[in-house]
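Student: I am new to this structure. Please take one part of it and look at that part closely, then say how it sits in the rest.

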Amino acid sequence: MTGEAGLGKSRLLAEASSAAISLGFEVLTGLCHPDDHAIPFAPFVDAIRQRIGGLSTSDARSFLGSACPTLAGVIPEIATICVPGAVLRQEPEQAKQMVFE
Ligand SMILES: Nc1ncnc2c1ncn2[C@@H]1O[C@H](COP(=O)(O)OP(=O)(O)OP(=O)(O)O)[C@@H](O)[C@H]1O
Ligand SMILES: [Mg+2]
């Protein structure tokens with residue numbers, strides 16, 4: 001979301017977040033760091049990393065569900081959550097490239 005300073009961006013996001021929570025949705029927050037501009041889906045990657053950060057591997061696997069293998073394409077370390085004992089084979093640069101293929 002972009003707009004002039006003071007336009008109401010933060011307020012709109014806060015209102016949308018409250019409305020979603022009151023409807024029973026879980027709201028994740030991902031930040032847009034200037035240094036991350038070359039990383040595909042950077043704010044989504046940030047949000048998911050934060051959400052699963054404190055979880056055990058099995059809780060993280062439950063949370064990610066069937067999306068786990070797909071998300072592992074953009075968040076390489078997730079591969080070790082989807083498949084217990086899996087070894088990371090992809091370099092982050094390769095994973096990034098996969099997103100564009
Ligand atoms: N639709 C609205 N109705 C009433 N007040 C509003 C509305 N949208 C925003 N405001 C108020 O206007 C002020 C500025 O809004 P906000 O902080 O969301 O702007 P912003 O776009 O995030 O600004 P910045 O670029 O500085 O971060 C806040 O006090 C906010 O509560
Ligand atoms: Mg703001």
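**K9 and its surroundings**

Tutor: K9 counts as partly exposed because it has 13 C-beta neighbours inside 10 Å. The terms work as follows: a residue is buried if 20 or more other C-beta atoms lie within 10 Å of its own, exposed if 12 or fewer, and partly exposed in between, with C-beta atoms placed from the backbone. This is a predicted model, in which local features need pLDDT of at least 70 and side-chain atom pairs count only at pLDDT 80 or more, while totals for chains, interfaces and linings use all residues. Residues are numbered from 1 along each chain as its sequence is written, and chains are lettered from A and ligands numbered from 1 in the order in which they are written.

K9 lies in helix α1; helices (H or I, at least four residues) and strands (E, at least two) are DSSP runs, numbered from the N terminus. Apart from residues up to four places away in sequence, K9 is in contact with M1 and G3, where contact means C-beta atoms, placed from the backbone, within 7 Å. Both K9 and G3 also belong to the residues around ligand 1, together with A5, G6, L7, G8, S10 and R11. A residue is counted there if its C-beta atom, placed from the backbone, lies within 6 Å of the ligand. This shell holds 2 nonpolar, 4 polar and 2 charged residues. In that division Ala, Val, Leu, Ile, Met, Phe, Trp, Tyr, Cys and Pro are nonpolar, Asp, Glu, Lys and Arg are charged, and the others, Gly among them, are polar.

The helix that holds K9 covers residues 9-22, and at 1.5 Å a residue its 14 residues should span 20 Å, which agrees with the 20 Å between its end C-alpha atoms. The expected span is 1.5 Å times one less than the number of residues. α1 is hardly covered, with 0 buried residues among its 14. After α1 comes G24, with a positive phi near 100 degrees. In the loop between α1 and α2 is F41, which has a positive phi of about 55 degrees although it is not a glycine. Most residues other than glycine have a negative phi. F41 is partly exposed because 17 C-beta neighbours lie inside 10 Å.

As for the rest, the chain has 6 helices and 0 strands. Of its 101 residues, 8% count as buried. The largest nonpolar core consists of I48, I52, L64, L71, A72, I75, I78 and I81. α2 (42-53) and α4 (68-72) are the elements that give two or more residues to this core. A nonpolar core is a set of buried Ala, Val, Leu, Ile, Met, Phe, Trp, Tyr and Cys residues joined through C-beta atoms within 7 Å. Within it, I75 is in contact with V45, I48 and R49, leaving aside its neighbours within four places in sequence. I81 has its C-alpha atom 5.8 Å from that of T57, 24 residues apart along the chain. T57 is in helix α3 (residues 57-64) and counts as exposed because it has 12 C-beta neighbours inside 10 Å.

Finally, confidence: pLDDT is the predictor's confidence in each residue, from 0 to 100. The chain averages 86, and 82% of the residues score at least 70. Among the elements, α1 has the highest mean pLDDT (97) and helix α6 (residues 92-100) the lowest (62). Where pLDDT is low, the predicted coordinates should not be read in detail.

How values were computed:
Two residues are in contact if their C-beta atoms, placed from the backbone, lie within 7 Å.
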